[in-house]
Amino acid sequence: MVYLKTDEEVELLRDANLLVGKTLAELAKVIQPGVTTRQLDTIAETFIRDNGAVPTFKGFPNPYGGPFPASICASVNEQVVHGIPNDIPLNDGDIVSIDCGTLLNGYCGDSCYTFAVGDVPEDVKRLLDVTKESLYLGIEQAVVGHRLGDISYAIQSHCESNGFGVVREFVGHGIGKEMHEDPQVPNYGRRGNGMLLKNGLCIAIEPMITMGAKDIYMQSDRWGIVTRDKKPAAHFEHSICVRKGKADILSSFYEIEKVLREKSL
């Protein structure tokens with residue numbers, strides 16, 4: 001069942017999503033070689049709770065095993081999604097996708113950003129750039145009168161034309177009082193296909209893109225998803241509301257990228 005959101009609900013969703021962006025910005029301040037993803041998880045959970053919210057990922061049920069044990073997903077290099085934070089230090093040249101969710105005043109926030117750790121090879125930087133570009137190209141299609149397939153096609157065509165793989169098994173989703181609502185939002189598809197987009201539809205668009213083949217497998221912890229060819233993967237995500245003419249982006253990369261610019265000076 002697809003629920004269109006009222007203007008009041010959209011503002012509550014915005015508050016939850018902006019908190020995710022602020023949380024990721026706190027992590028951006030400390031991401032560097034030598035830091036562990038478990039340390040990042042502790043920072044994230046503390047920040048979320050200090051701001052009156054609950055980390056929605058922690059305890060999230062898994063049909064294949066136990067509940068998710070952390071407040072962020074931290075997926076390093078060939079991990080695509082759902083990486084469990086651990087005590088392995090990040091290395092210079094790594095990339096880490098940090099996916100984060102909040103529940104604030106009854107509504108959910110969900111956003112992801114892939115960070116470069118130290119000095120990353122040029123081909124990996126290009127993977128990150130193209131993946132983020134595809135996210136915004138998908139968002140451009142999220143307007144009243146278009147169809148879900150228009151979003152999917154925009155992401156797929158941009159990534160594949162640049163030589164990258166598009167993961168099929170994991171997709172975007174509706175968002176509201178629950179973190180995962182209908183409809184599913186694939187990162188591949190045909191223009192003009194799928195559900196008609198209506199005003200007030202709130203969805204999380206999240207391209208998961210691989211440097212090599214699109215094939216993946218699940219790790220033994222029953223959470224982490226890894227590229228079969230062990231090549232890196234990137235993941236960027238915004239939660240948005242479908243509107244006439246232009247989508248309303250509810251999450252934000254502004255504070256994250258402000259921190260990253262300041263660190264590069």
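How many bridges join E11 to strand E12? The legends below take up this pairing and then a helix. This is a predicted model: local features need pLDDT of at least 70, side-chain atom pairs count only at pLDDT 80 or more, and totals for chains, interfaces and linings use all residues. Residues are numbered from 1 along each chain as its sequence is written, and side-chain values use heavy atoms, with hydrogens and water left out.

**View 1. Strands E11 and E12 run antiparallel.** The two are joined by 3 bridges, with E12 covering residues 225–227. Strands are DSSP runs of E of at least two residues, helices runs of H or I of at least four, numbered from the N terminus. Two strands pair if DSSP finds at least two bridges between them. Met218 stands opposite Ile225 in E12.

**View 2. Three strands form an open sheet in the order E3-E12-E11.** Pairing is antiparallel. Strands E3 (79–81) and E11 (216–218) are the edges, each pairing on one side only. Neighbouring strands are turned by 40° against each other on average, direction ignored (axes are lines fitted to C-alpha atoms; angles run from 0 to 180 degrees between N-to-C directions).

**View 3. Helix H4 (residues 148–161) is largely enclosed by the rest of the structure, because 10 of its 14 residues are buried.** Buried means under 20% relative accessible area, exposed over 50%, partly exposed in between (1.4 Å probe, protein chains only). Among the buried residues are Leu148, Ile151, Ile155 and Cys159. The buried residues pack against helix H3 (122–140) and strands E6 (165–166), E8 (181–185), E9 (202–205) and E10 (208–210); contact means heavy atoms within 4.5 Å.

**View 4. Just after H4, Gly163 takes a positive phi of about 90°.**
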